[in-house]
Amino acid sequence: MYILGIESSCDETAAAVVQDGQTLLSNVIASQVDIHAKHGGVFPELASRAHVEVIHPVVEEALQTANITLEDIDVIAVTRGPGLVGSLLVGINYAKGLALAANKPLLGINHLEGHVYSLWLTQPFRPVVFPVVVLIVSGGHTELLLMRGHGDYQHLGGTIDDAAGEAFDKVGRLLELPFPGGPHIERAAQNGNPYAFNFPRAKRDDSYDFSFSGLKTAVMREVSVQPAQASKRQRGEEKRAQLRRDVSVNDVAASFQEAATSILAEKTTRAAQAYGATEIFLAGGVSANQLLRAKIRKETELPVRYPPLSLCTDNAAMIASAAYYRYQSGLASSLTFDALPSWYLNNDTYNV
Ligand code: KG4
Ligand code: ZN
């Protein structure tokens with residue numbers, strides 16, 4: 001079965017063709033990083049406009065690369081949420097038009113479930129023995145889930161403030177690194193001392209919830225010029241922190257990364273043990289981080305899986321893969337669904 005996936009929830013316009021949920025035939029991603037870098041973050045209005053401009057050629061390229069025509073596609077799948085409403089609507093409306101014109105079933109897929117299914121695209125694929133603990137760490141989400149079967153998710157914990165990727169992006173901004181901060185912090189950290197600063201770690205509580213805002217504030221206190229030291233012009237201009245010139249960006253990046261990944265690794269491995277998981281799955285943009293991967297591997301005897309780097313960040317292949325399993329379990333086609341900008345992921349996700 002051939003599924004065409006379409007993804008436009010944030011700042012990547014993507015289309016992909018996946019065969020039987022696991023075989024990647026094409027994976028086209030048009031990134032808007034250059035557009036948003038100027039603003040230091042994703043600018044929603046610009047994002048939807050850029051999606052409109054590229055979605056058609058991106059889908060065409062995905063079909064061409066897969067060497068398949070729309071006629072031979074069995075199902076079209078599109079991200080329905082969570083994400084930026086304007087961005088989601090571009091993909092949804094395009095997919096509806098395509099499904100209507102080609103007379104194909106259309107499924108609206110949860111973006112977080114998509115991240116989970118990026119693990120089904122790793123090669124060579126090893127069969128999954130449930131339950132597994134899944135940590136989804138992206139720019140907008142931090143979710144710790146117990147996955148008991150296809151589509152069967154128990155929420156164990158999540159962030160109570162900033163998402164993990166958001167913390168990397170905010171600290172990257174403080175350190176005047178390019179957007180998005182995550183990969184640049186990882187690079188800077190390679191030449192830094194992770195123990196130069198003792199930034200706060202996880203609260204040693206029993207919950208599986210995460211908090212990153214205290215860590216971010218601690219980094220800000222360490223690296224920024226205090227208002228009293230800043231010039232009158234800087235004080236009056238805006239509240240944005242100024243980077244102290246005597247601070248080692250590499251050391252701060254390394255120490256921040258050390259603290260953030262320790263928080264994630266400790267709770268993820270503890271949850272896997274407590275819930276009898278057979279494996280730990282990592283997904284989402286931050287799962288590209290090598291220190292996070294290494295820390296989790298070190299703290300558990302369980303096998304740890306993560307997607308190839310190209311499938312950690314947003315893509316449409318993961319949406320097509322998730323759609324394959326949803327289609328198998330009977331999710332009905334619809335041409336009338338709306339965008340769901342804050343769609344959660346649990347057992348009731350598709351009862352909307
Ligand atoms: O999954 P994703 O592409 O988008 C969302 O669904 O949000 O994740 C993007 C996030 C950004 O915050 C980015 O800084 C972070 O993933 N990221 C990383 C790395 N690569 C991307 N964070 C830490 N280390 C990395 N190597
Ligand atoms: Zn994502």
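Is Asn67 buried or exposed? With a relative accessibility of 72%, Asn67 counts as exposed; here buried means under 20% relative accessible area, exposed means over 50%, and partly exposed is in between, using a 1.4 Å probe and protein chains only. Before going on, keep in mind that this is a predicted model, where local features need pLDDT of at least 70 and side-chain atom pairs count only at pLDDT 80 or more, while totals for chains, interfaces and linings use all residues. Residues are numbered from 1 along each chain as its sequence is written, chains are lettered from A and ligands numbered from 1 in the order in which they are written, and side-chain values use heavy atoms, with hydrogens and water left out.

Back to Asn67, which sits in the loop between H2 and E4. The H and E labels are DSSP runs numbered from the N terminus: helices (H or I) have at least four residues and strands (E) at least two. Asn67 isn't a glycine, yet its phi is positive, at about 60°. Most residues other than glycine have a negative phi, and most peptide bonds are trans. Glu176 also has a positive phi of about 60° without being a glycine, and you'll find Glu176 in the loop between helix H5 (164–174) and helix H6 (181–189).

Now for the peptide bonds. The one from Gln123 to Pro124 is cis, with omega near -5°. Move along to Phe130 and Pro131, and the bond joining them is cis as well, with omega near 0°. Pro124 is in the loop between helix H4 (111–117) and strand E6 (132–137), and Pro131 lies in the loop between H4 and E6 too.

On to the charges. Side chains of opposite charge can pair when their charged atoms come close. A salt bridge here is a side-chain nitrogen of Lys or Arg within 4 Å of a carboxyl oxygen of Asp or Glu, and by that rule the count comes to 11. One of them pairs Arg326 with Glu113, with the closest N and O atoms 2.9 Å apart. Arg326 lies in helix H12 (residues 317–328) and Glu113 in helix H4, so this pair ties together parts that are 213 residues apart in sequence.

Glu176 is in the loop between H5 and H6 and Arg245 in the loop between helix H8 (232–237) and H9, so the pair links parts that are 69 residues apart in sequence. Glu176 counts as partly exposed at 46% relative accessibility, while Arg245 is exposed, with a relative accessible area of 65%. Arg244 forms a salt bridge with Asp246, and their closest N and O atoms are 2.9 Å apart. Arg244 is partly exposed at 26%, and Asp246 is exposed at 60%. Elsewhere, salt bridges that share partners join Asp162, Glu166, Lys170 and Lys216 into one network.

Asp20, Glu71, Asp72 and Asp74 form a patch of negative charge on the surface. Residues in a patch have over 30% relative accessible area and no salt bridge, and like charges are joined within 9 Å. Asp74 sits in the loop between helix H2 (44–66) and strand E4 (75–81), and is partly exposed, with a relative accessible area of 33%.

Next, take a look at helix H9 (residues 249–274). H9 has 26 residues and reaches 38 Å from its first C-alpha to its last, close to the 38 Å expected at 1.5 Å a residue; the expected span is 1.5 Å times one less than the number of residues. H9 is mostly covered, with 20 of its 26 residues buried. After H9 comes Gly276, whose phi is positive, near 65°.

Finally, a couple of distances. How far apart are the C-alpha atoms of Ala16 and Leu4? They are separated by 5.7 Å, with the two residues 12 apart along the chain. Ala16 is in strand E2 (residues 12–19) and is buried, with a relative accessible area of 0%. Asn27 and Ala254 are 227 residues apart along the chain, and their C-alpha atoms are separated by 32 Å. Asn27 belongs to strand E3 (residues 23–31) and is partly exposed at 25%.

Terms used. Patches are made of residues with over 30% relative accessible area and no salt bridge: like charges are joined within 9 Å, nonpolar side chains (Val, Leu, Ile, Met, Phe, Trp, Tyr) within 5 Å. Accessible areas come from the Shrake-Rupley method with a 1.4 Å probe; for residues, only the protein chains shown count as cover. Lys and Arg count as positive and Asp and Glu as negative; His and the chain ends are not counted. The place of a charge is taken as NZ of Lys, CZ of Arg, CG of Asp or CD of Glu.
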